[in-house]
Structures are given as C-alpha cells and as structure tokens.
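Open the model in your viewer and keep the sequence panel beside it. Follow the stops below in order.

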Amino acid sequence: MGGKDAGEGGGKAEWLIYAFVARGTAVLAEYTEFTGNFPAIAAQCLQRLPAGSSSAASTGPDGRGGAPVRFSYACDGHTFNFLLHRGYAYCVVAKESVPKNVSVAFLERLKDDFMKRYGGGKADTALAKSLNKEYGPVIKQHIQYVLDHSEELDKTLKVQAQVSEVKNIMLDNIEKTLGRGEKLSELQDKTSDLHSQAQEFKKQGVKIRRKTWLQNMKIKLVILGILLLLVIIVWVSVCQGFDCTKHET
C-alpha cells in the first residue's frame, strides 16, 4: 500500500491512519496510505478482544442484530478503535489527538455500508483479504468523507448524545416517580418536558444541516461565477469584442 509515514503533523489527512473489516479474527478488507506497524498491532488487538464480545454483539433478544459493542486501545500516540456487530469487527486506527466522535462516525458509517453491501451474502464465507480489491477503495472513500465532514458529524453526534442523555434521565425519573406512586398528571408533565427537549435538539440538528448546505451552495455559486467569468474573458479575447459575427471584407 502507500508509503507515507504516519508521523507528526499532516493535518486532517493523517487523522485516520488505517482501517479494516473483519469477520471474527479474519481481516476481509483493509486500507491505508501509510507505512508502520499499526496493521500488526491492530491484528493483535483484534485477537485479544474480550472473550464473548463478538457473540454478545451478534444477536439481540429478538434474534436480530444486537447493539454494537465498542472497544478502544491506546498505543504509541494512536488509538485502535473497534466496533463489533453481528460477528463482524470494524476497526480504525487514529491519532490520539483526533476527536473521539470522528472515529465513532467513521466506524458507524463503515458498518452500515458494509452490511448494506454484504450482509447475509458472500462476506459470511469470504476468505481473509479476499474483499481487499473491491472494498479497500470503498474504505478509502469513507475515510475521506469523514475527514471532509468531520465538524458536521461531530456536532450531529453531540446532539444525539445529548438527546440520549436527556432520554435516559427522564426514563430514570419516570421509574422513580412510579416507585413513589406520584400522580399520573405529574408523570405526564415530565413526559411532555422530555418531548419538548427532544424537539429542541432536533431543531438544532436541522439548523446545522441547513447551515452546511448553504455553505456548500455558496462555494458552488462562487465556482460557477468564476467559470462564467473565464468564458467571457476567452470570448472577448478570441472575438476582440462581444460580437463574433463580424468578418473583415
């Protein structure tokens, strides 16, 4: 693969160093542009994941996919982040300074895409590294997308975390309320407060997406304006004016 060293500096381009998808302990596809011993370390971490973690993430009480299980290890200035789901392990190696939500967003995106493409298909019987050629470039695309949209993804995950935290707090309050035998009307008031706070967090998420869309549109309009200006300049230069129908007699 690539021959760049994953050293200091480099900006966002060196945030996410290496990533792979594995079934059990067999790496099916991987991608990196850097040289180093992180693939070997990541493989060792994969081998040493807590016993039963893969099976715990395989199925839920209803027989479907259970909740993903996450692990993270720190080594030599990097974090080795794992997400286990339905018998598959998704890993990304990131610089220790990279915001945690960036790695989380990448792993979630990688998991969703991989399951959409291969869930219940040939990945269940694929040999080690056999998906490298077709899925390695896809991993690269996901890395680039997350790096390009890191701020937006970070804000979205923070809003989701806040919503989840509020929900858990309110559910805990409801349990305590039922335990104390408080009136139903008071319980309804607390439920309404939960709904209102959830709606407010949802509005914040919409504002973030709208702001990002407007910024992208401004960039596109500027580029379009520059292209039009270049066309006009070329036209005037070739025709020595705006009228190209004039001919010398």
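This is a predicted model: local features need pLDDT of at least 70, side-chain atom pairs count only at pLDDT 80 or more; totals for chains, interfaces and linings use all residues.

**Stop 1: a buried valine**

Select V92: its relative accessibility is 0%, so it counts as buried. Buried means under 20% relative accessible area, exposed over 50%, and partly exposed in between, with a 1.4 Å probe and protein chains only. V92 is found in strand β7, residues 88–95.

Residues are numbered from 1 along each chain as its sequence is written, and side-chain values use heavy atoms, with hydrogens and water left out.

**Stop 2: the whole chain**

Colour by secondary structure. The chain has six helices and seven strands. Their order along the sequence is β-β-β-β-α-α-β-β-β-α-α-α-α. Helices (H or I, at least four residues) and strands (E, at least two) are DSSP runs, numbered from the N terminus. Of the 249 residues in the chain, 34% are buried.

**Stop 3**

Select α3, residues 100–118. Its 19 residues should span 27 Å at 1.5 Å a residue, and its end C-alpha atoms are 27 Å apart, which agrees. The expected span is 1.5 Å times one less than the number of residues. G120 follows α3, with a positive phi near 75°.

Move to α4, residues 132–148. Here 17 residues should span 24 Å, and the end C-alpha atoms are 24 Å apart, which agrees. Show the side chains: Y135, V138, I139, H142, I143, V146 and L147 are among the buried residues of α4. An α-helix has 3.6 residues a turn, so residues three or four places apart point the same way.

**Stop 4: the largest pocket**

Which residues lie closest to the centre of the largest pocket? The pocket holds about 250 Å³ of space. Of its 12 lining residues, D148, E151, E152, T212 and Q215 are the closest to the centre. Helices α5 (150–180) and α6 (184–239) each supply at least two lining residues. α6 gives the most, with five.

A pocket is an open set of points on a 1 Å grid over the protein atoms alone, where a 1.4 Å probe fits, with protein on both sides within 12 Å along at least five of seven lines; lining residues have an atom within 4 Å of a point.

**Stop 5: an annotated span**

Finish with residues 219–238, which an unreviewed UniProt entry annotates as "transmembrane region". The span is 100% helix and 0% strand, with its end C-alpha atoms 29 Å apart. Such annotations may be inferred rather than shown by experiment.

Terms used: Grid points are joined across faces, edges and corners, and a volume is the space filled by probe spheres set on the points.
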